[in-house]
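Please keep the sequence and the model in view while reading.

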Amino acid sequence: PATDGPQGRRRKLLEEDGPVGQAGRRQRQRYVTKVGKCQVNLGNIQEKKRFLSDIFTTIVDLKYRWFLFVFMMCYIVTWVVFGTIYFFDAWARGDVWHQGDPEWPACIENVDGFISALLFSVESQRTIGYGARMVTANCAEGVILLMAQSIVGSMIDALMVGCMFVKISRPKKRAQTLIFSKNCVISRRDERLCLMFRVGDLRESHMVDAKIRAKLIKSRQTAEGEFIPLEQSELNLGYDTGEDRLFLVEPQIICHVINARSPFWDLSAESLRREQFEIIIILEGIVEATGDLCLPAGMTCQARTSYTEDEILWGYRFEPCMSLEKGAFHVDYSRFEMTFEVQTPAASAKELQELQELQELQELEQRELPTFSLGWGPCAP
């Protein structure tokens, strides 16, 4: 059908981005879930051989059930393959038919079938060495096979043990103890309209060199008619002042100042109900248990979350959750999500600045008016 083409997909995205009522808005697809999972599926990848060129990362990225399956199959396949080769070698040389003959120059002693050859393969690769089965000096191919299996076994050990260590030690689960507030708030701070959210770390072992950044995901249409789906824009969280680098020992409120360079410059409380966008928050840092305070070369952890337009509270502020108790600061995480309403103008930051400039201009005119009257007043008779 025609709706499956590029125009149909473009129309569908435009309809999803169109202004709809807050009450009648249906649940739409998020770009990133609240727990940080990216909702993007990659399909129709033609050059899948690229994944084999980086086999180490490909194995590490597998789910645990498939990773354990590959881990076991690497050993089982090599045992079976070399066991089969050992059996055919013993069968071709006649060792199978001369068991118990002390005069027969056997290549592999005490191999009388496939099962015994398989046991010999496992014993050789895992260096068990029960002593019942062994390769003798009567054949060169047996020595070559034993050397080849030892080299292949060492390579598999290095790859699989390395993959297992990296997969277990990856700090993905560390992100579970990095929490974000469920809602963003918009209110005035230092006479500027700001978008704010709160982050916290539940562990006593802190993140080293923690940095935070934010992306705005929103589809738009250019003046030339080009449709850009899910365009990414940067939200300044204090990169120029260093405020994006966090010392995350207690919950902190992250602030984005809505100024002329902000994508929310024209956003008001009324237009917020009609907008459709998503804010992606990315918190990165080095796990203290794997790094060093002086030379942070440990493993990097990344925690993500997102906020849609209906998760932004206009005219609210976060309640404090830290107090001083018994000579130490106490953090009450039961108040982490709490907000309270504050008086905030419903106008956009652009309108507020224009209003402020107009007021300043009127005050300037009022100050200049008396001087003007004194110089050009009516003359005395």
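The expected span of a helix is 1.5 Å times one less than its number of residues. Helices (H or I, at least four residues) and strands (E, at least two) are DSSP runs, numbered from the N terminus. The model is predicted, so local features need pLDDT of at least 70 and side-chain atom pairs count only at pLDDT 80 or more, while totals for chains, interfaces and linings use all residues. Residues are numbered from 1 along each chain as its sequence is written, and side-chain values use heavy atoms, with hydrogens and water left out.

**Helix α6**
- With 30 residues, α6 reaches 44 Å from its first C-alpha to its last, close to the 44 Å expected at 1.5 Å a residue.
- Buried residues (under 20% relative accessible area, 1.4 Å probe, protein chains only; exposed is over 50%, partly exposed in between) in α6 are G142, L145, Q149, G153, I156, M160, C163 and K167.
- The cover over these buried residues includes α3 (55–60), α4, α5 and β2, where contact means heavy atoms within 4.5 Å.

**Helix α5**
- S116, A117, F120, S121, E123, S124 and Q125 are the buried residues of α5.
- Among the elements covering them are α4 (64–93), β1 (108–109), β2 (134–135) and α6 (140–169).
- T127 follows α5 and has a positive phi, near 50°.

**Largest pocket**
- A pocket is an open set of points on a 1 Å grid over the protein atoms alone, where a 1.4 Å probe fits, with protein on both sides within 12 Å along at least five of seven lines; lining residues have an atom within 4 Å of a point.
- The largest pocket holds about 1300 Å³ of space, a volume being the space filled by probe spheres set on the points, which are joined across faces, edges and corners.
- Its lining has 30 residues, and K37, K172, K173, Q176 and R304 lie nearest the centre.
- α6, β3 (178–180) and β11 (300–308) each give two or more residues to this lining, and β11 provides the largest share, six residues.

**Second largest pocket**
- About 520 Å³ of space lies in the second largest pocket.
- Of its 26 lining residues, N236, L237, G238, Y239 and D240 are the closest to the centre.
- β6 gives the most to this lining, with four residues.
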